[in-house]
Amino acid sequence: MTETRPREVGAPPVRRRTDKRAWGVVVFMFLFFTLNFADKAAVGLSAHQIRDELGLSAGQYGLLSSAFFWLFAIGAVTLTAVLRKISYTWAAGLLMLAWVMSMAPLTVSVSVGVLMACRITLGFFEGPAHALCQSIIADRFAPDKRATAGAIVNAGSSVGPLIAAPTITWVILTWSWHAAFVVLVVVGVAWLIGWIWFSERLPFKKVDDSAAVVTKDKPADPNGDIVVPFYRLLTLRSFWGLAILSFAGYLISSLKVAWLPAYMNEGLGYSSGTVGTLVTLPYIVAVVCLLSAGMLSGRLLRRGHSSRVARGYLTGAYLVFGGLAMIAFTQLSPGPVQLVLVIGAFAVNSVAFSVAFAGASDFLPAHQRVAFFGCIIAVYSVAGIVAPYVLGLIVDNAPTAAQGYSTGFLFVGITVCVLGIIGGLMLNPEKARAKLEHLTAVHAARQGR
């Protein structure tokens, strides 16, 4: 493998071979993310059964759904700080073990308090998952392949519910919603065994990045010449641009997981069995959106377009499309056209977590990626706290459930459009890297005094 020198963001990427093990890690991270979103989808798919068993109103169920995110931001920040010091082999394994243990109590009948405690705990340990996955991918792939590899991993956010929707719906209707968590626990244990077998036998403590050598398993950090205090990264316009794009994406993500099945059932009038099939459609299209966006982003870079266009503008365009589709479907009666718009509106959200995050990797030093991504996750997790609960309150206070859903999704669609435009304009990796190079020079001059 040839050595990679630091280069300006947006410059033609240096070609280098990608190790087969790196693609193996992508597969495992994809499965990791698949389970990450399957366990989220399980509660949404069980909404009717959970509400009946525990006697919950729409607002109470919305509060339960938002409980997953109460400690999500804290977990994203605190655990990512810890994971910076742990090798990725151990970090991913420990997170999966924590997920399995937090889901295990739900395999039997529980009270509202226990269910909420389990969801809060699971949210805390899932907080750093995306940051960890994206950091691992950014370490192993060149910029022109990074968005594609990241998109494959993020496709798990669609494939997880895509597989879970018909499978878990069948399990729920055949047995109970508790049986769905039995399946998730078994799959989690299987992943953990496979990961231990496949992953590199790394020591628990992470090797110092500054002392790392360039190998085919770990290419050189193209931003290794940047040395700035971490807090400086949080003052960049691109940090807030990425945070805004991610927030918009997570507004859609949280509502898709928590309320889309219930909306199709109560708002659009489809039966529970039909919902188990229809709810998979946005996830199928989301995989296409993710992979197409990742490949388009890489192609734009190879053709000489700026990273601002390939990352920021592209992500913003996808989100604006999703927001417009959401606004449109609230104005139509149930039918094929409305269903197509529902699918489109709920299919674009994950682009903000692959293409946009790849833009951040274009200017971030490798050793600061996990913590940076953790802070982004802390910001966008607020959407997961607010959106499900507020939508539940709107439904509770509307004349009918259908009218409540329409009003709620109308406001969300407008918000997504506005945030997509603002965030897309603010994410500018070239400008961010130039700013960091300047700060590095200033820092070096002060150190030389």
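1. Asp225 is partly exposed, at 37% relative accessibility, whereas Arg433 is buried at 3%. Here buried means under 20% relative accessible area, exposed over 50%, and partly exposed in between, with a 1.4 Å probe and protein chains only.

2. A word on the basis: this is a predicted model, where local features need pLDDT of at least 70, side-chain atom pairs count only at pLDDT 80 or more, and totals for chains, interfaces and linings use all residues. Residues are numbered from 1 along each chain as its sequence is written, and side-chain values use heavy atoms, with hydrogens and water left out.

3. Asp225 and Arg433 meet through their side chains in a salt bridge, 3.0 Å from N to O. Asp225 sits in the loop between helix H10 (177-198) and helix H11 (230-233), while Arg433 belongs to helix H21 (residues 429-448), 208 residues apart. For reference, a salt bridge needs a side-chain nitrogen of Lys or Arg within 4 Å of a carboxyl oxygen of Asp or Glu; helices are DSSP runs (H or I, at least four residues), numbered from the N terminus. The count by this rule is four salt bridges.

4. Arg433 also has a salt bridge with Glu437, at 2.2 Å from N to O. Glu437 and Arg433 are about one helical turn apart, because four residues separate them in helix H21. Glu437 is partly exposed, with a relative accessible area of 33%. Shared partners join Asp225, Arg433 and Glu437 into one network of salt bridges.

5. What is the distance between the closest N and O atoms of Arg311 and Asp362? In this salt bridge they are 2.9 Å apart. Arg311 lies in helix H16 (residues 307-329) and Asp362 in the loop between helix H18 (355-361) and helix H19 (369-397), so the pair ties together parts 51 residues apart in sequence. Both Arg311 and Asp362 are buried.

6. Now to the rings: the count is 27 aromatic pairs, a pair being rings of Phe, Tyr and Trp (its six-membered ring) with centres within 6.5 Å; planes under 30 degrees apart are stacked, over 60 edge-to-face and the rest tilted. One of them is Phe69 with Tyr250, edge-to-face at 5.5 Å centre to centre and 85° between the planes. Phe69 is buried, with a relative accessible area of 6%, and Tyr250 is buried at 4%.

7. Phe329 and Phe409 form an edge-to-face pair, 5.8 Å centre to centre with 65° between the planes. Both are buried. Ring pairs also link Phe329 and Phe409 into a cluster with Tyr61, Trp259, Tyr263, Phe346 and Tyr405.

Key: Helices (H or I, at least four residues) and strands (E, at least two) are DSSP runs, numbered from the N terminus.
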